Amino acid sequence: MVVSCCTGCCFGSPIIIPFVPRFFVQSFGCRATQADGAVLERQLATQGMSQAQSALDADVVVLNTCTVTAAADQDARASIRRIHRENPDAKIMVTGCYAQRAPQEIAALPGVTWVVGNSHKHRVPEIAVNIDFPQVQEAGPSERHPDENWLTDHRPQNFVFLETVALSAPAFTLVGDIFAHTELIAAPVFAGDTIAEKTRPNLKVQDGCDNRCSFCIIPSVRGQSRSMKLGRVIEEANALVSAGYREIVLSGINLGRWGRDFQPQQRFEDLVRALLEHTGIEKIRISSVEPMDWSDNLIALVANSPRIAKHAHVPLQSGSDRILRRMYRKYRPWHYAEKIRKIHEAMPQAAIGADVMVGFPGETDELFEESRSFIERLPFTYLHVFTYSSRPGTPSAAMPDQVPVHVARERNRVLRELAAQKNLQFRRRFIRQTLDVITLQAGNDEWTEALSDNYLKVWLAGRHAPNQILAAEITGIADEELVAVAQEQIAAHAV
């Protein structure tokens with residue numbers, strides 16, 4: 001496609017400049033979704049499209065969705081409506097977990113041009129670069145072609161590959177069997193709003209989940225557990241080191257299962273050890289790892305290496321044995337408590353956090369108190385507290401004794417207050433001590449935002465450039481942060 005940008009030049013002829021479509025990717029939800037969005041940005045740019053500053057400036061808007069709660073679905077629908085209202089000429093593509101779970105629901109929304117499930121997310125750039133599709137006869141269920149390459153050759157307006165989504169929806173819909181999907185797409189995701197402030201890249205090394213928790217829709221929309229090959233992880237990490245980044249965050253849907261799909265199997269601690277041995281990254285931070293995957297070897301590795309952040313996020317969900325059984329979780333409270341004890345004993349100054357759910361079906365006042373008391377006894381430094389959200393198609397959605405919303409919200413408040421108390425006690429321990437911190441964004445003349453090795457927010461006095469590892473003397477406590485003065489910049493660790 002070409003456009004004329006000028007009616008004349010020194011030779012009296014118009015200048016013809018090719019039209020370059022602009023794209024914008026908005027990702028919702030977890031680190032894994034953010035990583036998916038990052039690789040989509042990379043692939044769309046490779047296709048010759050240019051990245052817009054916002055959805056309002058884009059010709060193609062890709063919404064990379066989450067569906068872990070009803071609120072996540074609602075956020076995606078609200079974004080679709082807003083973008084269609086404010087930029088009616090934009091072509092909107094919806095992909096991600098919500099698109100995989102409920103494609104017909106999304107396809108019926110005004111303004112949606114394409115719906116592409118996680119099963120075919122790797123086809124997003126190929127589809128998006130073809131902004132105008134030719135008119136063809138709508139394909140019926142009996143006309144589904146077994147060759148996926150047929151899609152590229154014909155580009156139909158309404159075609160469902162493999163799935164049983166009704167074809168009455170107006171949007172182009174491409175959704176397949178997620179459990180047949182073996183692709184793992186990932187690219188580093190950076191903190192910070194500008195290129196100069198991008199720090200702490202998040203590297204997704206695993207996707208999917210083989211667990212079947214009764215409340216969770218994620219295995220149905222992400223598929224089976226699959227891991228990034230070790231060599232590629234090393235390559236990605238070394239590229240980040242070469243680009244000047246000093247801390248990376250390892251993430252995945254079920255991160256601790258990394259390597260279990262290989263033959264022969266590998267363990268997550270093998271990956272961490274290889275990163276220490278074969279990359280020069282100064283700090284590795286491990287995101288969420290399930291309690292059964294915090295092996296003694298992994299705990300010892302984290303505790304003994306100065307290049308691994310002293311931070312353990314261990315999902316709990318509930319401290320009640322009865323509720324854990326109804327959730328189909330694979331551990332009991334006493335198993336979990338033993339893991340936390342080992343982590344705390346090996347790393348007394350480590351941040352220890354957990355995901356906790358309130359309002360699960362059957363959670364009585366007594367069972368909630370059992371969970372609250374269990375949490376109170378453990379050395380948590382922070383909690384991520386979620387209110388149960390019923391997901392269609394999950395076993396818990398059909399369970400009796402659903403908890404009223406107002407009761408669940410009150411329990412959420414109780415646990416958030418408990419978490420705030422624990423975090424305050426933890427922060428008080430470090431006054432007049434020195435912590436390693438990494439600066440997150442360029443500060444002003446008064447303060448610079450930073451994050452400590454043990455996952456505490458820090459206000460560092462003065463202006464400091466982002467992506468610097470400093471020794472910080474803690475001088476006080478703010479609302480939810482520590483206040484500190486930089487002592488010296490820390491030299492890079494030897495490889």
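A disulfide is a pair of cysteine sulfur atoms within 2.5 Å. This is a predicted model, in which local features need pLDDT of at least 70 and side-chain atom pairs count only at pLDDT 80 or more, while totals for chains, interfaces and linings use all residues. Residues are numbered from 1 along each chain as its sequence is written, and side-chain values use heavy atoms, with hydrogens and water left out.

**Cysteines**

- The structure holds 0 disulfides.
- For Cys209, the closest cysteine sulfur is that of Cys213, and at 6.5 Å it is too far for a bond.
- For Cys213, the closest cysteine sulfur belongs to Cys216, and the 6.1 Å between the two sulfurs is again too far for a bond.
- Cys209 is buried at 11% relative accessibility, where buried means under 20% relative accessible area, exposed over 50% and partly exposed in between (1.4 Å probe, protein chains only).
- Cys213, with a relative accessible area of 12%, is buried.

**Helix 9 and helix 10**

- The axes of helix 9 (residues 268-278) and helix 10 (residues 296-304) come within 9 Å and cross at roughly 25°; axes are lines fitted to C-alpha atoms, for helices over the stretch in contact, and angles run from 0 to 180 degrees between N-to-C directions.
- Helices (H or I, at least four residues) are DSSP runs, numbered from the N terminus.
- Helix 9 and helix 10 are therefore roughly parallel to each other, a term for angles under 35 degrees.
- Phe268, Glu269, Val272, Arg273 and Leu276 of helix 9 make the contact with Asn297, Leu298 and Leu301 of helix 10, contact meaning heavy atoms within 4.5 Å.

Methods. Helices (H or I, at least four residues) and strands (E, at least two) are DSSP runs, numbered from the N terminus. Angles under 35 degrees count as roughly parallel, over 145 as roughly antiparallel, 65 to 115 as roughly perpendicular and the rest as oblique.
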